[in-house]
Amino acid sequence: MADPRKFILQLPADRRPARISLPEVLIPDIDWFNARRAVKRRYDPVMGIEGIVVHATAGSTSGGALQHWRTESPASAHWIVPAEREQTHGQSIIACVYEARAANHTKDRVSNPAVNRGRANVDHWTLGIEIVNRQDLDQYTDPYSDWQIAMAAQIVRYCWAKYPNLKWVFSHASIDPGNRADPGRQFPWDGFCQQVLHDPPQAPRFALFDAQPEAGEMDDPSRSPCCA
Ligand SMILES: [Zn+2]
């Protein structure tokens, strides 16, 4: 199995995908959560996004991770990808922190010279993805599902299309190897990178809205647009 400290992908500028939307649901207390588990970014919330950090929760469910973040450790991430044992698996990911705000998913002082020239304060120039996985690293009884890997890759493609300066995708272990091993050596990094770098074989399930105006709607001279 691969070494999660080496899970680093630099996105090639000439392969930037087309925009898509994400199948996400919001946590019910997203405003409370953003006020207490996220902070204002130090950089521009669009042009300042340069990376994505891939994590694993070290737990069994999305609800368990959220409960832990709400009550025990004031951590957070932008999205959670549910596990197979959860109802939302196969349907939707969970949005916890607004992309415009910095989630609390890495330590300010950690960095890696191979990632964005060793830039620290990673939370402020990244988005964080947490994938639900028990992280029982020695027993390896909780493999990632194909859908989890596909969704994590889809989140990266969504962000890559949306944020012009996004270039780095890397593991938590790569920037904090002394304290973190996630997403773990059982995470299929090579297959994940393949899905990030190549268009999915089927059309995206969550395409952008592309409806045309109804006939006559735009050429009726008696109607004036509300903002004219
Ligand atoms: Zn982590």
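View 1. Seven strands make up an open sheet with mixed pairing, ordered 1-9-4-8-5-6-2. Its edges are strand 1 (8-10) and strand 2 (24-26), each of which pairs on one side only. From one strand to the next, the twist averages 20°; the axes behind this angle are lines fitted to C-alpha atoms, and angles run from 0 to 180 degrees between N-to-C directions. Strands here are DSSP runs (E, at least two residues), numbered from the N terminus, and two of them pair if DSSP finds at least two bridges between them. This is a predicted model, in which local features need pLDDT of at least 70, side-chain atom pairs count only at pLDDT 80 or more, and totals for chains, interfaces and linings use all residues. Residue numbers start from 1 along each chain as its sequence is written.

**View 2. Strand 9 and its two partners.** With strand 1, strand 9 pairs in the antiparallel sense over three bridges, and here L9 stands opposite V169. Strand 4 (residues 51-56) runs parallel to strand 9, joined to it by four bridges; look for G51 opposite W168.

**View 3. Strands 5 and 6.** Two bridges link strand 5 (residues 79-81) and strand 6 (residues 93-95) in the antiparallel sense. Within this pair, I80 faces I94 of strand 6.
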